[in-house]
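Q: Hi! I'm new to this one, could you walk me through it?

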Amino acid sequence: MTIKSDFLVIGSGAAGLSFALRAAEHGKVVVLCKDDPLVSSSAKAQGGIAAVTDKNDTFDEHIADTLDAGAGLCDEKAVRTIVTEAPEAIRELLSWGVDFDTEKDGEFELGREGGHGKRRILHAKDTTGLEISTKLLRCAQAHPNIQLLDHRIAIDLITTAKLGCVTEDRVLGAYVLNPATGEVDIFRSDRVLLATGGTGRCYMYTTNPPTATGDGEAMAWRAGAIVSNLEFVQFHPTTFYNPNGKDHDGLTFLISEAVRGEGGVLRGPDGQEFMQKYDKRGSLAPRDIVARAINSEILRTGHPCMYLDMTHKPKGFMTERFPYIYETCKSYGVDAEVDMIPVVPSAHYQCGGVATDTNGRSSLRGLFVAGECGCTGLHGANRLASNSLLECVVITKRAFQCMLTTLPLAHKMEDYPIPEWQHGERAERDDLAILYHCWDEVRRTMTDYVSIVRTDHRLQRAATRLRNINREINEYYWGYRVTPEIIDLRNLALTASLIVDCAIRRKESRGLHYTLDHPEKLPEAIPSRLHNW
């Protein structure tokens with residue numbers, strides 16, 4: 001079956017839904033949700049969205065904090081563009097019904113997080129992402145020009161080059177699996193937005209949802225787009241350590257950076273504060289520094305975790321400001337008002353992705369990318385807290401405006417003959433153990449060799465293992481009928497290889513990429529770029 005639309009959106013987080021709401025005023029939009037619409041990293045975001053809204057704050061200060069956190073690798077033009085357009089993005093979110101916390105005088109109640117010199121984080125308690133995602137979804141469901149299709153899994157982008165056209169290379173849509181029927185449909189559109197989220201599932205332990213298997217990066221790479229800076233995987237320094245074992249299948253519970261912004265202090269098992277040894281900003285240092293510090297203290301002490309202390313705050317503070325975090329900790333037997341919270345770093349955010357300009361435009365005509373799977377240059381070598389939701393909303397607005405200019409709706413969609421999907425010849429699987437083994441081996445390899453601290457030897461070992469795993473997966477992929485499990489695994493393994501390839505190329509330590517073999521930062525900051533031509 002072929003489904004045509006003016007705009008095709010792959011992903012239902014803040015980026016995908018905010019784009020769909022704008023595009024729906026001009027044409028038909030199809031939004032593909034890999035799972036339920038609210039299964040996304042956006043919906044799991046706790047801290048908030050960074051924007052200059054206070055008279056005592058300035059764009060220049062927000063820009064300076066972002067550049068400092070990015071360790072010299074940010075694209076300053078991209079940073080300035082996104083920061084200065086933030087207030088308009090906030091106004092647009094408010095128009096869609098998003099409800100941020102306010103003070104008694106009606107002004108926004110602003111939080112502060114690591115790396116920020118001022119309070120500039122708008123939030124809705126400690127479930128800001130869920131508030132934004134829920135309100136955007138409600139608007140999208142009510143819009144007559146938006147068709148939301150859940151449990152649809154994009155397999156690959158369709159391009160003119162793949163169809164044998166040598167005069168141009170542009171996107172034509174995507175092949176998409178409907179798991180309910182087992183059929184693969186063609187979604188035809190000249191304007192495609194990838195908003196598939198992150199790559200956290202490449203690691204054993206992550207704050208990301210189960211859907212974060214690097215789908216956007218993998219599909220774009222196979223289609224011929226450029227990817228950039230994938231070595232910069234941000235490990236959130238404070239995820240809950242459960243002494244009785246990790247959450248199901250490596251999914252960990254995030255303790256928002258906003259907790260440290262409200263006075264939380266990192267302490268060792270002896271109760272002593274340790275962050276001052278690593279950075280003068282203490283517990284409010286940027287995430288890359290804090291994650292490495294916690295990792296170092298765990299290795300130094302032999303203790304399985306460090307602790308985040310909020311016990312000095314007045315009784316009732318945690319239940320009022322962080323009700324979700326408080327209740328979740330309590331469900332694990334930790335009362336954050338009287339107990340220190342045990343924390344460890346876990347894979348959290350991909351600062352690289354498909355290379356784009358500040359309009360979300362990739363190197364492949366018609367393909368735009370936004371959110372975590374894109375790389376505008378805003379984050380550089382380390383993302384500043386709460387800049388991610390901001391980037392989603394700003395870039396999708398610019399992407400939509402760029403589409404209208406460069407790919408006008410008046411242009412008639414050319415009727416390229418797109419062949420139906422061809423399944424593998426074998427229908428029955430007699431060796432599912434291959435899938436399960438490869439899934440575990442990819443994540444174990446990345447966790448052991450491509451984590452917070454790296455070496456050339458570890459990276460080369462990871463590259464060798466991943467090449468073999470990718471070969472096995474591709475043989476399996478082309479032999480059988482396609483399923484959600486093999487699609488996820490294929491994307492996961494390819495994305496892991498791209499992360500390693502980028503890391504091998506960077507012969508320095510910068511931001512989130514720290515290697516014992518090259519501990520110094522090179523004088524010039526150069527983005528890493530991979531081409532699949």
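Predicted model: local features only at pLDDT ≥ 70, side-chain atom pairs only at ≥ 80, totals over all residues.

Q: How many helices and strands are in the protein chain?
A: The protein chain has 15 helices and 21 strands. These are DSSP runs numbered from the N terminus: helices are H or I with at least four residues, strands are E with at least two.

Q: And what does the chain span along its principal axes?
A: The C-alpha trace spans about 65 × 55 × 50 Å.

Q: How much of the protein chain counts as buried?
A: Of the 533 residues, 61% count as buried, meaning under 20% relative accessible area with a 1.4 Å probe, protein chains only.

Q: Switching to helix pairs, at what angle do H5 and H12 pack?
A: Helix H5 (residues 86-95) and helix H12 (residues 388-406) pack at about 90°, with their axes 9 Å apart. Axes are lines fitted to C-alpha atoms over the stretch in contact, and angles run from 0 to 180 degrees between N-to-C directions. H5 and H12 are therefore roughly perpendicular to each other, a label for 65 to 115 degrees.

Q: Which residues meet there?
A: Ala86, Glu88, Ala89, Glu92 and Leu93 in H5 meet Leu390, Val393, Val394 and Lys397 in H12; contact means heavy atoms within 4.5 Å.

Q: What about H7 and H15, how do their axes cross?
A: The axes of helix H7 (residues 215-223) and helix H15 (residues 484-505) come within 8 Å and cross at roughly 80°. Residues making this contact include Trp221 and Arg222 of H7, and Leu494 and Leu498 of H15.

Q: Last topic: which residues in H11 are buried?
A: In helix H11 (residues 323-331), Ile325, Tyr326, Thr328 and Cys329 are buried. They pack against strands E12 (233-240) and E15 (341-350), plus helices H8 (257-261) and H10 (317-321).

Q: What comes just after H11?
A: Gly333, which takes a positive phi of about 90°.

Key: Residues numbered from 1 in each chain as written. Heavy atoms only, no water. Buried < 20%, exposed > 50% of the residue type's maximum accessible area, 1.4 Å probe, protein only. Parallel < 35°, antiparallel > 145°, perpendicular 65-115°, else oblique.
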